[in-house]
Amino acid sequence: MYGTIHYEKVPYSYIANLLSSIKVSLKNIKFDIEHIQEFISDECGGKLKEWDVNIYAGDGKEAYPLTTKTSIFPMMRTLHLKGNHIAFTNKAVLGSPSDGKLGLSLNQLKAAEKGYEDDHEGKRPEKQFPGSTWFRYVDDRRPCLMLYFVMPVEVDPAKVDKNDPKALETIKDRLVAYKNELGEEPMVAFGIGFPKNDNQLYTSKTYKVNKVYYKQLLDDAGEEDDDL
């Protein structure tokens, strides 16, 4: 098996084990693993008890083994520096808005498209439906963990600041060092899609951290942030 893989009705315990092993940089203040786990655990008795898991194949030529019987072609992405951070693209987008469609029945897909149109005065999007469509407008879908295996490729000189003569050399040095740390292993990225909520099933929680406390967390973790 080498193409995109879809699993259904995966127990939440497997998802929890994965999330508990992930460490997200403190610089990524929009993605807090602890609060995501807390949210899922609070609601796990309802819609979040069973999950779908999608592993998306990419355009790589050499398959990466996931198990003894399962391999997948990774995505090939050019890395570049964004400030002090290594990023995939300027928009930091790996997947497609259609990724959430995987595993849905024809009736579910039609219901999702109709739900979007009803919310937008009967209009369809000019290009493609946004990724939230496949979660917001489907009554009976499960939450979905979306996994992407990514192999970095060489930096594109055309995307380097031409006003800085040392920029290309600096970026290449940083990226070569990063790739050497990876070895032959791909990077693993993920996304989570939650099903719709018509019955106020979920409570909204807001977390605020001021800059002084946030910088203290970064210092304690040995991370730097030039934007603070």
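Accessible areas here come from the Shrake-Rupley method with a 1.4 Å probe, and for residues only the protein chains shown count as cover. With that settled, I looked up the total for the protein, which exposes about 15,100 Å², and I noted that carbon and sulfur atoms supply 50% of it.

**Ground rules.** I am reading a predicted model, in which local features need pLDDT of at least 70 and side-chain atom pairs count only at pLDDT 80 or more, while totals for chains, interfaces and linings use all residues. Residues are numbered from 1 along each chain as its sequence is written, and side-chain values use heavy atoms, with hydrogens and water left out.

**Overview.** I found 6 helices and 9 strands in the protein; helices (H or I, at least four residues) and strands (E, at least two) are DSSP runs, numbered from the N terminus. Of the 228 residues, 34% count as buried, where buried means under 20% relative accessible area, exposed over 50%, and partly exposed in between (1.4 Å probe, protein chains only). I also looked up the contacts, meaning heavy atoms within 4.5 Å: among those with a separation of 6 or more, residues 24 or more positions apart account for 71%.

**Helix H1.** I went through residues 12–20 and noted that Tyr12, Ile15, Ala16 and Leu19 are buried. They cover an arc of only 100° around the axis, which puts them on the same side of H1; the arc is that of the directions from the helix axis to the C-beta atoms. I reminded myself that an α-helix has 3.6 residues a turn, so residues three or four places apart point the same way. On the face turned away from the buried side I found the exposed residues Tyr14 and Asn17. Leu18, also in H1, counts as partly exposed at 30% relative accessibility, and, leaving aside residues up to four places away in sequence, Leu18 touches Leu145 and Leu147.

**Cores.** Which residues have the most contacts inside the largest nonpolar core? I found Trp134, Met146 and Tyr148, in a core of 21 residues; such a core is a set of buried Ala, Val, Leu, Ile, Met, Phe, Trp, Tyr and Cys residues joined through side-chain atoms within 4.5 Å. The elements giving two or more residues to this core are helix H3 (106–119), helix H4 (133–136), strand S8 (144–153), helix H5 (167–182) and strand S9 (187–193), and S8 supplies the largest share, 4 residues. I then noted a second, separate core of 19 residues, which includes Ala16, Trp51, Tyr64 and Phe149.

**Strands S8 and S9.** These two pair in the antiparallel sense over 7 bridges, given that two strands pair if DSSP finds at least two bridges between them. The bridge partner of Tyr148 in S9 is Ala189. Beyond residues up to four places away in sequence, Tyr148 has contacts that include Tyr56, Met75, Leu94 and Phe190. In S9 I separated a covered face, with Met187, Ala189, Gly191 and Gly193, from an uncovered one, with Val188, Phe190 and Ile192. For comparison, I wrote down that in a regular strand the side chains alternate between the two faces of the sheet.

**Strand S2.** I found that 6 of the 7 residues of S2 are buried, so S2 is largely enclosed by the rest of the structure. Strand S1 (residues 5–11) pairs with S2 in the antiparallel sense over 5 bridges, and Pro11 stands opposite Glu50. S2 and S8 pair in the parallel sense over 5 bridges, with Val53 opposite Leu145.

**Salt bridges.** How many salt bridges does the structure hold? I found 5, a salt bridge being a side-chain nitrogen of Lys or Arg within 4 Å of a carboxyl oxygen of Asp or Glu. In one of them the side chains of Asp52 and Arg142 meet at 2.8 Å, N to O. Asp52 lies in S2 (residues 50–56) and Arg142 in the loop between H4 and S8, so the pair ties together parts that are 90 residues apart in sequence. Asp52 counts as buried, at 5% relative accessibility. I next looked at Lys114 and Asp118, whose side chains meet at 2.9 Å, N to O; both lie in helix H3, 4 residues apart, about one turn of the helix. Asp118 counts as exposed, at 52% relative accessibility. Glu117 forms a salt bridge with Arg124, the closest N and O atoms being 2.7 Å apart; here Glu117 counts as buried at 17% relative accessibility, while Arg124 is partly exposed, at 48%.
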